[in-house]
Amino acid sequence: MSFVEVAIKVPLHRTFDYRLPEQLDGLNSQLHVGSRVLVPFGNQRKVAVVLALKDTTEVPLNKIKSIFEVIDDAPILTTSHLDLLRFTARYYCYPLGETIHLALPSALRQGHCPDKTSISMVALTEKGAKLPSLKAKSQLNLLKQLAQSGKSSLTELKALGFNKKTIDSLISKELINQSIEHDNLWQQQAPTVGTKPTLNKEQAVACTAINQSTGFNSFLLEGVTGSGKTEVYLQCLEEVLKRAEQALVLVPEIGLTPQTVNRFRRRFPDTPIMLWHSALTDNERLQTWRFCEKASCAIVIGTRSSIFLPFLKLGMIIADEEHDSSFKQQDTLRYHARDLAAYRAFQHKIPLILGSATPALETLHKAINNKYQLLSLTQRAQTSTDNKFQLLDMKGQPDQAGIAHASLATIRQHLKRNKQVMVFLNRRGFSPTLICHECGWLSECTRCSTSATFHKAIGQMICHHCGEQHPVPHQCPDCGSTQIFPNGKGTEQIEEFLTGEFPDTPISRIDRDSTRRKGSLEKALDEINLGGSRILVGTQMLAKGHHFPDVSLVLILDVDSGLYSCDFRATEHLAQLVTQVAGRAGRSGEPGQVLLQTHFPEHPLLQDLVNNGYQDFARFAIQEREDALLPPITNMAIVRAEGHSIKQVVDFLTDLVPVHGLTGIQLLGPIPAPLERVAGKYRFQLHIQAHDRPLLHQYLAQMVDYLSTSKLAQKVRWSLDVDPIDMI
């Protein structure tokens, strides 16, 4: 063995061969597949991962270079892990070297030592367990958190919004202590289990089906909001832990991580649970990576990139809210964590649970065709009565700040009962645009084909697509008039109006603007969960998995925006959003009320949702997709291209159309993207469809090979999106 094949982080769909230096040649024990080496590449030194050890190479001997250094004594990637990354690169048509690079923690990418095998834990002292009275609310909340969850890692506490200053203050007062735990192999056969409720019949059937399955099985747990899907997860995980196996729990966003951790901590107080999300430091991510690899943790709760973690004894994967678009990476490697979870479960011959009240049509289609096993939860755990839906016709209806007078009256009724009201509008800022009442000028972004959003609180116009920001104009730039007014509604404006309308009622606004500061989201959720009359105003951040027991009314504004769109998935996304938001009401034992303001109450989608629910809508939508030959009935990929010259972009996509004709491939394009211009660049698309998945990937592989030599490809920025979830 004289040569090694390696993967390097370069945008090329190929691997590279290097010679072993004389001092290493023949010493097989010093080099392993899955180890990192340092290699020369051009004028640079790059970290590479060994894919194979070889006796021969096709590279001319006078041109092959030698590796500089072997970084690892033992492989950091197992054979099965490399197989997962090879599949990912092949399926999403992305360079293998860059795929491996993105899957690794930052420290390992840079060639640092992989040994990060200890973790800082925090626990109450005997003095702190008495919960003494403290002036600092954050310190008291931390004591209560530890009293509830037991010993927690610093990473967990930071995810819950507690900062280092609060922790250090309690340590100095000897109310908590900090210790270091090492990566001892987790072998607990009978985990300590906290109080658990009695399952209803449907939950019991679901748990039995999952726990009695052997080998690879995919289960779609289709449960209405509040039906107890999480309880099914927990009772299935108990069986996994009894076998001393590990589990991965995928959640769509960081915002759901703290409440999930709390729930799991209460159920399994002595079980090592770790987190994985983008807010962790490099050291914390490396710690989680190593604890997974050494089976020192039993459960990992993480966002989409946790699908690449190296578990030693993986026994189950759970994807909560599997329909959520956050599981799809929208740049670089455009993978879908849910789909890779299915491949990984197949790899390890373990069960996969996909849970949602509003399953993606792709997942539901597989369940209907018996590729996944469908488990239904139709009963709400807290109440036997469904929420009451009402379509409020806005035609001729007087309104203020987009809220109808009839809606205001309903809000008052619920607040008088000391209940909470959620007002949902999926548009942040004060107003989507400004308009001149003299000449009709609109505040458009100078770099995008869309308007700049008015943010009143900071006095700025901000484009939510390219980030361009400038002060609010005092005069119309076209005619000089001062008659400039907001046009349209945003959450900021709704909050301002409701504050004036209900001055004695606390209002919590939750959107990306109001939760930018670290810990602000956790603080807002804590205030909401204190109970009492309150108005919640927010975007889709409020719709995802939160449990607000006191919310009895949900008011959804501007429902019509999702009814008419050039994206064929728009109605699916609207139905999912409406159902998820509506599910925040009626979780305390009595049915909730859901008001939908619309100018089209007779629209068949809204009628179907209100009268028959998402389950009926989804099955009808699949039939529509079948008639139109659209995913999930067919398979799709999109080539997106952008550049400063329309001609170059169109020429690039046009050049792809006739190059590799295959029977069964359908092409649409080049066509302008729905948002044609972003950040000064023009955007066009080429849609590629095929009934046969292997045929589609054959075409894509040929196309990628052609693009590697295309001169037009060097003049534009392009990307390939396999299984896109939107047309933007």
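Guide: We start where H7 passes H8 in a right-handed crossing. Keep in mind that this is a predicted model.

Visitor: Which residues make the contact between H7 and H8?
Guide: H7 supplies Gln203, Ala206, Cys207, Ile210 and Asn211. H8 supplies Glu231, Val232, Gln235, Cys236 and Glu239. By class, the contact holds five nonpolar, three polar and two charged residues.

Visitor: Why is Glu98 called buried?
Guide: Buried means under 20% relative accessible area. Glu98 has 13%, so it counts as buried. Glu98 sits in helix H2 (residues 96-103). Beyond its neighbours within four places in sequence, Glu98 is in contact with Ile8, Lys9, Val10 and Pro11.

Visitor: And why is Leu498 called buried?
Guide: The cut-off is again under 20%. Leu498 has a relative accessible area of 0%, so it is buried. Leu498 belongs to helix H14 (residues 491-501). Neighbours within four places in sequence aside, its contacts are Ile403, Leu408, Val423, Ile507, Ile535 and Val537.

Visitor: How far apart are Leu498 and Ala204?
Guide: In sequence, 294 residues separate Leu498 from Ala204. In space, the C-alpha to C-alpha distance is 44 Å.

Visitor: Two of the contacts of Leu498 were Ile507 and Ile535. Where does Ile507 stand?
Guide: Ile507 stands opposite Ile535 in S26. S25 and strand S26 (residues 534-538) are paired in the parallel sense.

Visitor: How do you know that S25 and S26 pair?
Guide: Pairing requires at least two bridges between the strands. S25 and S26 have four bridges, and so they pair.

Visitor: What makes S16 and S25 edge strands?
Guide: Strand S16 (388-393) and strand S25 (507-510) each pair on one side only. Their open sheet has six strands in the order S16-S28-S27-S19-S26-S25, with parallel pairing. Neighbouring strands of this sheet are turned by 15° against each other on average, direction ignored.

Visitor: What makes strand S10 mostly covered?
Guide: Five of the five residues in S10 (residues 246-250) are buried. Gln246, Leu248 and Leu250 are on one side, and Ala247 and Val249 are on the other. Both faces are therefore covered, as buried means under 20% relative accessible area.

Visitor: Which strands pair with S10 in the parallel sense?
Guide: Strand S13 (residues 314-320) pairs with S10 over five bridges. There, Val249 has Ile318 as its bridge partner. Strand S12 (residues 299-302) pairs with S10 over four bridges. In S12, Ile299 is the bridge partner of Ala247.

Visitor: How do you know that S30 and S31 pair?
Guide: The requirement is at least two bridges. Strand S30 (residues 665-678) and strand S31 (residues 681-690) run antiparallel and are joined by eight, so they pair. Leu667 has Ile688 in S31 as its bridge partner. The hairpin has two residues between the strands, and Ala679 takes a positive phi near 55°.

Visitor: Which residues touch the most other members of the largest nonpolar core?
Guide: Ile100 and Leu700 do, in a core of 112 residues. Helix H17 (residues 604-628) gives the most to this core, with eight residues. A second, separate core has 28 residues, including Cys207, Phe264, Ile299 and Leu377.

Visitor: What is Leu700 in contact with, leaving aside its neighbours within four places in sequence?
Guide: Its contacts are Cys93, Ala637, Ile688, Leu720 and Val722. Of these, Ile688 is the bridge partner of Leu667.

Notes
Residues are numbered from 1 along each chain as its sequence is written. This is a predicted model: local features need pLDDT of at least 70, side-chain atom pairs count only at pLDDT 80 or more; totals for chains, interfaces and linings use all residues. Side-chain values use heavy atoms; hydrogens and water are left out. Buried means under 20% relative accessible area, exposed over 50%, partly exposed in between (1.4 Å probe, protein chains only). Contact means heavy atoms within 4.5 Å. A nonpolar core is a set of buried Ala, Val, Leu, Ile, Met, Phe, Trp, Tyr and Cys residues joined through side-chain atoms within 4.5 Å. Axes are lines fitted to C-alpha atoms, for helices over the stretch in contact, and angles run from 0 to 180 degrees between N-to-C directions. A crossing is left-handed if the near helix is turned anticlockwise from the far one by less than a right angle, and right-handed if clockwise. Ala, Val, Leu, Ile, Met, Phe, Trp, Tyr, Cys and Pro count as nonpolar, Asp, Glu, Lys and Arg as charged, and the others, Gly among them, as polar.
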